[in-house]
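Trainee: I am new to this structure. Please show it to me, and then I will ask about it.

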Amino acid sequence: ALMWAVIPIFNTFLFRSAPIYSLHEEGEQGLSLRELCTSKIFWMLMLMMTCAGASEQAVSQWASTFAETSLHISKTLGDLAGPLTFAACMGAYGKYGDRIRLDLFMRGSCILCILSYLCISILPFPALNLFGCALCGFSVGIMWPGTFSIASASIRGGGTAMFALLALAGDLGCSGGPTLAGLVSSYAGGSLKTGIFAAIIFPAVLLLGLIKSKKSE
């Protein structure tokens, strides 16, 4: 833990020299909190952001345990095949994210995420279950930054308050997704497959939100 603490300490000095650009043109004011809260599209984006965080963490937080308990492989292999493949595939978006059409890619990612959840929870083959974890990592990589991009395009002048509230919604999803999966797993006798299957509601709701927001443009 002490060794890993070096990284945020080092980032403290890097951040001091990082350029910080204003979200608004000179003299322009962002929307107030009251104005944001009266916007229907803002609340839809908040729901989408919550689902984005939940879709990501419902699998990510349980991947290692799932590999051990449900697939009966060692912890070392579970960590490598679960969270590691999840993170590696998630990082693939960062490499090619600027070359895509956002709305279509996000819808496709939601569908892919739903399929990955089904792959993890329904198929009786451990290798395919692990493949589902990796596929989930790839599919959720766009959801958080993509929702931010949609928000900046949909609500002009949203400003710092909007992005702060969206980040809060995402964090709520990051805690709510694994919690739902864990609770359902407990009620199902410790079956993580059942818990992950229940969490499929999050990418499904996000997909509906994307379709609705496109229609309202």
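Helices, contacts and cysteines

Mentor: Start with helix α8, whose twelve residues reach 16 Å from the first C-alpha to the last, close to the 16 Å expected at 1.5 Å a residue. The expected span is 1.5 Å times one less than the number of residues. The model is predicted, so local features need pLDDT of at least 70 and side-chain atom pairs pLDDT 80 or more, while totals for chains, interfaces and linings use all residues. Residues are numbered from 1 along each chain as its sequence is written, and side-chain values use heavy atoms, without hydrogens and water.

Trainee: How many helices and strands are there in the protein chain?

Mentor: Helices (H or I, at least four residues) and strands (E, at least two) are DSSP runs, numbered from the N terminus. From the N terminus on, the elements run α-α-α-α-α-α-α-α-α-α-α. The count is eleven helices and zero strands.

Trainee: Which residues of α8 are buried?

Mentor: Buried means under 20% relative accessible area, exposed means over 50%, and partly exposed lies in between, with a 1.4 Å probe and protein chains only. Of the 217 residues of the protein chain, 39% count as buried. In α8, the buried residues are M143, G146, T147, F148, I150 and A151.

Trainee: Are α3 and α8 roughly parallel or roughly antiparallel to each other?

Mentor: Helix α3 covers residues 40–60 and helix α8 residues 143–154; they pack at about 170 degrees, with axes 9 Å apart. Axes are lines fitted to C-alpha atoms, for helices over the stretch in contact, and angles run from 0 to 180 degrees between N-to-C directions. Angles under 35 degrees count as roughly parallel, over 145 as roughly antiparallel, 65 to 115 as roughly perpendicular and the rest as oblique. The two helices are therefore roughly antiparallel.

Trainee: How many nonpolar, polar and charged residues has the contact of α3 with α8?

Mentor: Contact means heavy atoms within 4.5 Å; the residues making it include L45, M48 and A52 of α3 and W144, F148 and A151 of α8. Ala, Val, Leu, Ile, Met, Phe, Trp, Tyr, Cys and Pro count as nonpolar, Asp, Glu, Lys and Arg as charged, and the others, Gly among them, as polar. By class, there are ten nonpolar, four polar and no charged residues.

Trainee: How many residues of α3 are buried?

Mentor: α3 has 21 residues and reaches 31 Å between its first and last C-alpha, close to the 30 Å expected. This helix is mostly covered. The number of buried residues is 15 of its 21.

Trainee: Which residues is A167 in contact with, leaving aside neighbours within four places in sequence?

Mentor: A167 is in helix α9, and at 25% relative accessibility it counts as partly exposed. Its C-alpha atom is separated by 8.8 Å from that of T50, 117 residues apart along the chain. The contacts of A167 are W144 and F148.

Trainee: How many disulfides does the count come to?

Mentor: A disulfide is a pair of cysteine sulfur atoms within 2.5 Å. C133 is in none, since the nearest cysteine sulfur, that of C136, is 7.4 Å away. The sulfur of C136 is 4.3 Å from the closest cysteine sulfur, in C113, too far for a bond. The count comes to zero.
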